[in-house]
Amino acid sequence: MQQRNRSTRFYSILKVLLLFLAVGIQSYAYSQEKKTTNLLKTDSVKHHVDSVKFQAKANNISKQYDVANLVKDILHPHKAPDSVFKKPSGITIIPNIASNPSIGFQLGIKAVAGRKLGTDPNTLLSVAATSVSYTTKGILYFYVNHNIYAPGNKWNFQGSIVVAKSVTPDYGLGIGMPDPNGSAEDQALVNANRKPRAYHSIYFNLREKVYKEVEKNLFVGAGVSFDIRTKIVDKADTTNQLTPYNIYSDEHGFKRDGYRADGLLFNIQYTTRDNQNRAYKGIYADAGFRVNQTWMGSTKSAVQFTTDFRKYFSLSSENPGHVIAIWNWGSYLLSGDIPYLELPGTAKDGSFRSGRGYTTGYFKGTKYNYSEIEYRFPILSNKFISGVAFFNEQTANDETGTKLFQKFQPGGGGGLRVLFNKATRTNLCLDYAWGKYGSKGFFLGLNEAF
């Protein structure tokens, strides 16, 4: 108990220090770079000039070095540099390799692409990604996702397709806070010791949203989402045990072997990010409702409210890669019932990148909120190698009395970034992170977590 209290105090102190550090660094940079003036017109002109200079430095790739340059230097060391007028490729392809006890050894391929559509310089970068992989435990996973901005940002299309023969890890409902007076079912549902389980299934997801720009940087949108999971089985559960999945499914009227969660999506989005892959400045905010409907095929009706807020502060106009990034993501059930494996939780955000330090679904509930702060900094002057340090925390409710925001679970770590494609600011991300309950791991990905 004393060790747990010391750990809790340590994470609390670390969180406060990081927040003060972020505010202090931002305040210092701002005070050094922003000179006050009594003339409103002069101030406005200076702001415009500073913004132009910032964008010029942020988008200048002539002195940057990425993996394509490295390959060229290895294979053709004496070849003259390519003309600066040659347009770099917007496509990045890498092997998709991983290994952990849940999936075995994974081998596959992953690709991301990015480009601006049309000739309007204010059009935001459109991005897409795809991956296919297979593991030694028979898991097959394929996905395609996209975030496309039409010329002039008049329309925005966001969507994904996932087809998988998957294994979904499970660590119980809530945030790991048991009721000492609870029943055997309550204790099993919360799973306070975080005993892992794994559910095998066939999974299909189709999601598509269409946004229309109604004001500059402001979009309203609607769409659909179909989540279908069949042949669900816990191969370790041979005696119909009291497991979180079984208890929740029985109490909420879901069959144990499969379900559908199909619904309509209604969202509003505001974005001023200067880049979708690795923003140096700006805001991204999205809020909306998901309304699961039985007439669409959903097993149960439900209404969820989701929020996604991201803010980026560049700390230097001379070196824009020094960035403080802040993220908050939340999902809240307002009415109805959601299948257990579709509950919001760790790494259940749209890009599956939240909660570094824990595996997917480690914490979850019908109401869930996640916050993270990250400091990003260049290491080499040519931007080939950069670094990050981050801290996050999660909170969720359960069905035994724990409320949202009553208890938080921390995580944190650091990592390196390798510039894969300077034209789109695509980075290879190598992170190591720690959480509680002995949770830790290495996290590999393309592009930033947020």
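I began with I232 and looked up what it touches. Leaving out residues up to four places away in sequence, I232 touches Y199, H200, S201, Y245, R256, D257, G258, Y259 and L341. I note here that this is a predicted model.

Next I looked up the core around I232. The largest nonpolar core has 16 residues. Which of these touch the most other members? I found L173, I232, Y245, Y248, Y340, L341 and L343. Two of these names, Y245 and L341, were already on my list of residues that I232 touches.

The most comes from α5, which gives three residues.

I also found another core, which lies apart from the largest one. This other core has 13 residues, and V67, A129, A164 and F384 are among them.

My last entry is on K209, which lies in strand β7, residues 197-215. Is K209 buried or exposed? Its relative accessibility is 14%, and the cut-off for buried is under 20%, so K209 counts as buried.

I listed the contacts of K209 as well, again without residues up to four places away in sequence. K209 touches N156, F157, Q158, A222, G223, L265 and N267. Its side chain also makes a polar contact with the side chain of Y211, at 3.3 Å. Finally I checked K209 against S160: the two are 49 residues apart in sequence, and their C-alpha atoms are 9.4 Å apart in space.

Definitions and conventions. Residues are numbered from 1 along each chain as its sequence is written. This is a predicted model: local features need pLDDT of at least 70, side-chain atom pairs count only at pLDDT 80 or more; totals for chains, interfaces and linings use all residues. Side-chain values use heavy atoms; hydrogens and water are left out. A nonpolar core is a set of buried Ala, Val, Leu, Ile, Met, Phe, Trp, Tyr and Cys residues joined through side-chain atoms within 4.5 Å. Buried means under 20% relative accessible area, exposed over 50%, partly exposed in between (1.4 Å probe, protein chains only). Helices (H or I, at least four residues) and strands (E, at least two) are DSSP runs, numbered from the N terminus. Contact means heavy atoms within 4.5 Å. A polar contact is a pair of N or O atoms within 3.5 Å; within protein, one must be able to donate a hydrogen and the other to accept it, and residues adjacent in sequence count only if both atoms are side-chain atoms.
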